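Subject: The structure we talked about

Hi there,

Here is the structure I promised to pass on. Please have a look, and then read my notes below.

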Amino acid sequence: NVCGNSQLMNIKVLNSTVKSEGYSAAIAGNINSSDCLVSGCQVEGSSVEGKEAAGVIAVASGKVYIKSTSITSTTIDASENAAGIAATVDANDFTADSCDVSADINGNNASGIVAVADSEIKVVNCDIDGTVNGINAESGIIAVVNGELSGKMKVTGNNVSAALSGEAENS
């Protein structure tokens with residue numbers, strides 16, 4: 001658990017391997033914060049593998065704002081949820097803003113930005129490229145939305161050119 005009421009800024013993760021039986025991410029495995037900013041981070045040429053795997057955060061809770069962060073030439077593999085930015089979001093305030101994802105993403109639920117949303121989220125002005133493979137669900141932006149979130153999501157100004165090529169029935 002990292003971040004607290006602070007910032008993770010301008011972190012570069014280059015040509016690295018991150019592997020875990022649980023939460024696995026290039027920047028932070030688990031963020032449970034009342035106010036966390038992740039900005040200007042870059043993950044390139046890396047491999048991330050775990051039960052919940054993501055380029056930035058495996059599991060995000062609380063208030064998390066991710067801005068101007070890029071994931072490129074990276075492979076993300078998860079036995080459950082896999083995403084370029086956050087595998088599972090159970091936050092009271094989560095935003096991905098102006099993020100770029102170009103990765104190969106594979107999981108039961110897989111997505112370019114968020115694999116599973118258990119709370120209100122905003123995804124604005126993000127670019128998603130690469131390949132997304134999901135067994136249960138796959139999407140360029142959000143693979144699974146749980147609960148009563150109708151009208152509570154903001155998804156706007158995004159560009160998705162990722163290839164969706166998994167077994168998912170809910171593509």
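Let me start with Asn125, which is partly exposed, with a relative accessible area of 44% (buried means under 20% relative accessible area, exposed over 50%, and partly exposed in between, using a 1.4 Å probe and protein chains only). Please keep in mind that this is a predicted model, where local features need pLDDT of at least 70, side-chain atom pairs count only at pLDDT 80 or more, and totals for chains, interfaces and linings use all residues. Residues are numbered from 1 along each chain as its sequence is written, and side-chain values use heavy atoms, with hydrogens and water left out.

Back to Asn125: its place is in the loop between strand 13 (121-124) and strand 14 (127-139). Helices (H or I, at least four residues) and strands (E, at least two) are DSSP runs, numbered from the N terminus. Asn125 has a positive phi of about 55° although it is not a glycine. Most residues other than glycine have a negative phi. Ser73 belongs to strand 9 (residues 70-83) and is exposed, at 59% relative accessibility.

Now the cysteines. How many disulfides does the structure hold? There are zero, where a disulfide is a pair of cysteine sulfur atoms within 2.5 Å. For Cys41, the nearest cysteine sulfur is that of Cys36, 9.4 Å away. Cys41 is buried, with a relative accessible area of 1%. The sulfur of Cys126 has its closest cysteine sulfur in Cys99, at 4.5 Å, which is too far for a bond. Cys126 is buried too, at 0% relative accessibility.

The largest nonpolar core has 43 residues, and Ile66, Ile85, Phe94 and Ile113 touch the most other members. A nonpolar core here is a set of buried Ala, Val, Leu, Ile, Met, Phe, Trp, Tyr and Cys residues joined through side-chain atoms within 4.5 Å. Strand 10 (residues 86-97) gives this core its largest share, five residues. A second, separate core has six residues, among them Ala83 and Ala137. As for Ile85, if you leave aside its neighbours within four places in sequence, its contacts (heavy atoms within 4.5 Å) include Ile66, Phe94, Cys99 and Ile113.

Strand 1 (residues 7-9) and strand 5 (residues 28-39) run parallel and are joined by three bridges. On its other listed pairing, strand 5 meets strand 8 (residues 57-67), again in the parallel sense, over nine bridges. Ser39 takes part in both: Met9 has Ser39 as its bridge partner in strand 5, while Lys67 is the partner of Ser39 in strand 8. Strand 5 also holds Ser33, which is buried at a relative accessible area of 3%. A polar atom of the Ser33 side chain lies 2.8 Å from the backbone nitrogen of Asp35.

Finally, Lys154 is found in strand 16 (residues 154-156) and is partly exposed, at 44% relative accessibility. Beyond its neighbours within four places in sequence, Lys154 is in contact with Ile121, Lys122, Val123 and Val124.

Happy to go through any of this with you.

Best wishes

Terms used:
Pairing = 2+ DSSP bridges. Polar contact = N/O pair within 3.5 Å; in protein donor to acceptor, adjacent residues only side chain to side chain.
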